[in-house]
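Let's take a friendly walk through a protein model. Have a look at the structure below before reading on.

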Amino acid sequence: MDYAEVVERFDPVLGLEVHVELSTNTKMFCGCPTTFGAEPNTQVCPTCLGLPGALPAVNGKAVESAIRIGLALNCEIAAWCRFARKNYFYPDQPKNFQTSQYDEPIAFNGYLDVVLEDGEVFRVDIERAHMEEDTGKSLHVGGATGRIHGADYSLLDYNRAGVPLIEIVTKPLEGAGERAPEVAKAYVSALRDLLRALDVSDVRMDQGSLRCDANVSLKPKGQAEFGTRTETKNVNSLRSVERAVRFEMCRQGAVLAEGGRIVQETRHFDESSGSTSAGRTKETAEDYRYFPEPDLAPVAPSTEWVEELRATLPELPWERLKRIQGDWQLTDAELRDLVNAGAVDLIAATVDAGSSPAEARRWWVAYLTQQANTRGIELVELSITPVQVARVIELVNGGSLTNTMAKDVVDGVLAGEGSPDEVVEGRGLKVVSDDSALEAAVDEALAAQPDVAEKIRSGKVQAAGAIVGAVMKATKGQADAKKVRDLVIARCGG
Amino acid sequence: MNDLIRSTAAELAAQIHAGEVSAVEVTQAHLDRIAQVDTAVHAFLHVDTEGALAAARKVDADRVAGQQPASALAGVPLALKDVLTTEGVPTTCGSKMLEGWIPPYDATVTRRLREAGVVILGKTNMDEFAMGSSTENSAYGPTHNPWDLDRIPGGSGGGSSAALAAFESPLSIGTDTGGSIRQPGSVTGTVGVKPTYGTVSRYGLVAFSSSLDQAGPCARTVLDAALLHEVIGGHDPLDSTSIDRPLPPVVAAARQGADGDLSGVRIGVVREFAGEGYQAGVLASFTAAVDQLRALGAEIVEVSCPSFTYALSAYYLIAPSEASSNLARFDAMRYGLRVGGDDPSLSAEDVMSLTREAGFGAEVKRRIMIGTYALSSGYYDAYYGSAQKVRTLITRDFDAAFEQVDVLVSPTTPTTAFKIGERVDDPMAMYLSDLCTIPSNLAGNASLSVPSGLAEEDGLPVGLQIMAPAMEDHRMYRVAAAYEVARDAAQGGPLIHRVPEVSV
């Protein structure tokens with residue numbers, strides 16, 4: 001169904017489940033390393049392989065990260081909570097149960113305010129954030145799709161089994177209307193920025209360290225009860241989040257409009273076609289037979305510890321933007337442009353390295369943006385660091401570079417010629433400030449153009465331009481033009 | 001019978017450490033005994049001759065080099081229940097499912113034994129995955145009770161108890177989920193201790209029911225059990241349910257108790273553990289034991305623990321529930337039995353099903369099904385939830401009782417050893433064997449069984465159960481040691497010396 005028609009006839013309800021792999025050095029319940037991309041089955045031990053007799057022990061750092069995430073999401077932190085076993089058979093699940101949390105999550109009842117592209121704020125209510133362990137990875141070999149159906153055989157890699165995960169679940173999100181896909185994307189994006197600021201995860205959607213499952217249902221306008229939902233998995237980029245929600249809305253709208261029934265099921269998002277396809281049917285609700293994990297002691301963070309962790313929370317992304325807007329004296333539109341250009345962090349780092357906000361901003365949004373555009377890359381991908389930009393600005397302010405030379409220096413850095421100082425050295429770009437050398441050049445120029453010299457001596461100061469130009473040419477542009485002019489006038493008795 | 005195999009662990013250790021006998025000689029004597037009688041007893045699933053002799057040689061070499069013994073039990077042989085992992089040595093849990101599995105790691109108990117210089121002779125037979133009270137559920141055939149080879153040695157740790165009673169080993173390790181150390185101790189005339197839950201690491205103990213399982217020492221004397229208890233016990237960071245406090249002073253308590261003076265000790269007799277279903281000779285032995293405790297100076301009072309009546313029912317919901325989840329890992333994907341794995345037409349799920357069908361015995365399947373049912377949505381509250389409430393009530397009964405008395409006593413099990421085959425088709429009758437032992441598993445407190453004599457009607461051993469509060473294990477050791485001295489005096493020598501010679 002046409003999107004416009006969907007939103008005219010139906011209200012979408014979203015539920016977003018985000019799994020975040022924590023960037024702890026070791027796994028959730030054992031001491032195995034968590035490095036991404038290691039040789040299969042090299043980061044395993046009796047515990048994460050589920051060998052008979054092996055027992056779990058909680059990674060304290062993961063609990064700490066979970067609490068910090070909960071606090072940053074404005075959640076309440078449980079004074080006492082337990083792990084639970086989620087029982088189901090699957091080959092990549094070494095114990096055939098996942099150690100997770102069920103009715104006693106570590107964090108619950110929070111919210112995240114999400115800023116949409118036009119500046120409107122949408123509050124996303126958070127139901128819970130809980131700790132669990134990741135599964136291993138199945139690689140289905142043979143068959144066309146890489147999925148289990150039609151595969152010749154499957155390979156299992158347990159390196160990921162037991163990696164700490166935090167699952168963050170929203171409450172049902174209503175009222176987004178036609179902006180539902182945008183809200184979904186903005187939420188995941190804001191969450192990603194938040195987790196990055198907390199330094200708890202790599203938040204790489206492409207590597208699976210941040211994964212989003214999108215629950216979508218439609219209800220006819222005016223109806224109170226929710227419709228049947230589907231859960232779309234394998235949504236591996238921000239853009240896909242938006243596309244998957246939009247696609248599901250249209251697909252469900254079409255089914256409902258024909259008097260059909262939505263099947264409660266897991267759906268699979270296909271990046272190339274932008275569509276979803278049916279996966280496992282959930283009509284017969286799976287019974288995970290949850291019960292409290294008897295191998296682990298309850299987690300009971302003291303109030304003191306929680307408050308200590310609260311004090312370690314960094315400035316949160318939206319608070320930081322608010323502060324930056326004030327510090328840099330930006331209008332809402334200017335700030336949004338910087339955000340959209342991906343320039344905020346770069347400018348801030350340049351400021352941190354000693355430049356003024358105005359100078360740092362000017363370099364990044366003007367010359368450097370132009371360079372990035374020419375190369376067809378993102379600003380952040382330019383091979384120049386904020387510290388290097390700050391150094392260039394410093395050289396200009398100190399009088400050793402003119403603005404023109406500064407651009408040359410930046411070009412040199414971008415071309416891989418080294419640091420700004422190395423480029424200055426290598427390209428011989430130095431403002432000539434040795435007065436005797438300059439004086440000699442001026443005298444030479446005056447001698448070469450006696451008629452012009454005479455005019456200046458007779459008071460026609462504007463004629464000095466020709467001499468200045470000659471000096472600049474002779475010094476290959478390295479002299480400070482203003483200084484040359486002063487010298488010319490002084491030499492001519494001005 | 002050679003003196004070395006009839007000696008206590010304490011005596012053997014003293015001789016070895018004094019250089020009067022070598023650890024290799026002691027070990028070889030026990031290996032010879034195993035070779036002589038185990039075809040009839042079948043206490044062992046695996047005898048690690050080379051490993052045992054190597055460990056013994058190390059103890060001897062250390063002594064010659066002038067080093068202090070690694071522990072009070074260095075050089076003494078031991079039989080290890082096949083539910084604890086042993087690096088490089090097969091661990092089957094009495095199941096076809098793990099036939100041929102060689103663990104790549106040692107259980108903490110195994111590691112502590114090795115570090116203490118204890119010589120591990122081999123792995124003992126058991127009911128499959130520790131589910132049973134007779135060792136008849138072993139996939140490798142039953143173990144026979146040395147007192148009467150037609151009878152069961154108790155279970156699940158029947159191999160560990162029979163090895164002691166057949167003088168194949170002076171020490172053994174058991175695990176007790178509902179009585180699997182104490183009931184075998186009772187029916188074989190040996191000492192079996194279930195320490196306070198959390199004081200002996202479960203790391204490497206293949207789980208049956210995580211919240212109930214507890215490894216413990218088995219021996220022929222109370223002091224030997226205490227010495228072994230101190231070798232294997234103590235905090236272990238690899239087990240999150242391990243208690244981070246010093247182990248109760250059980251050896252000192254056993255030595256103190258040997259003075260035979262129990263004046264000032266208050267002992268409670270559990271009213272609920274008597275009457276119908278209890279064999280007359282068991283009750284008579286128990287009554288005589290209580291009289292003996294009174295004669296040693298203890299104050300005897302009757303105590304009621306009304307919730308104990310529900311313990312068996314609660315246990316048979318909680319233990320199978322946890323087992324259904326713990327045993328899910330046996331799926332043919334990583335280790336153990338694999339049925340249908342070479343057939344490309346079968347899915348992973350098919351292979352899992354076929355393997356579990358072939359690999360698990362009937363009792364294990366029964367409990368997996370009970371547990372799966374009890375945890376199912378819609379039944380959870382009525383079954384698992386209610387059982388947990390009963391568990392709380394039982395703990396409260398213990399708390400109230402221990403406000404009045406220092407320890408509680410009861411028969412360990414309602415009957416003496418029954419005939420092999422007698423209860424295999426009657427699970428309920430089998431489950432009743434653990435009637436008196438289960439409450440301490442549910443509450444997590446300490447409990448032991450010490451022999452109290454022979455039942456008049458069948459001449460088979462009877463056990464006295466002594467229960468102490470959590471982390472007060474030393475109390476029951478003191479009482480048991482005092483009783484042991486008085487019993488031997490009254491009965492004309494150690495009960496265990498009356499075991500008939502095994503006819504091979």
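## About the model

This is a predicted model, in which local features need pLDDT of at least 70, side-chain atom pairs count only at pLDDT 80 or more, and totals for chains, interfaces and linings use all residues. Residues are numbered from 1 along each chain as its sequence is written, while chains are lettered from A and ligands numbered from 1 in the order in which they are written.

## Chain A as a whole

Chain A has 16 helices and 14 strands (DSSP runs numbered from the N terminus: helices are H or I with at least four residues, strands are E with at least two). Its C-alpha atoms fill a box of roughly 100 × 55 × 50 Å along the principal axes.

Of the 494 residues in chain A, 40% are buried (20 or more other C-beta atoms, placed from the backbone, lie within 10 Å of the residue's own).

In chain A, three strands make an open, antiparallel sheet in the order E4-E3-E14 (strands pair if DSSP finds at least two bridges between them). Strands E4 (97–100) and E14 (291–292) of chain A stand at the edges with a single partner strand each, so one side of each has no neighbour in the sheet.

Strand E3 (residues 84–87) of chain A is joined to E14(A) by two bridges. Here A:Arg85 stands opposite A:Phe291.

## Where the chains touch

The contact involves 26 residues from chain A and 33 residues from chain B (C-beta atoms, placed from the backbone, within 7 Å).

Definitions and conventions: Two residues are in contact if their C-beta atoms, placed from the backbone, lie within 7 Å. A residue is buried if 20 or more other C-beta atoms lie within 10 Å of its own, exposed if 12 or fewer, and partly exposed in between; C-beta atoms are placed from the backbone.
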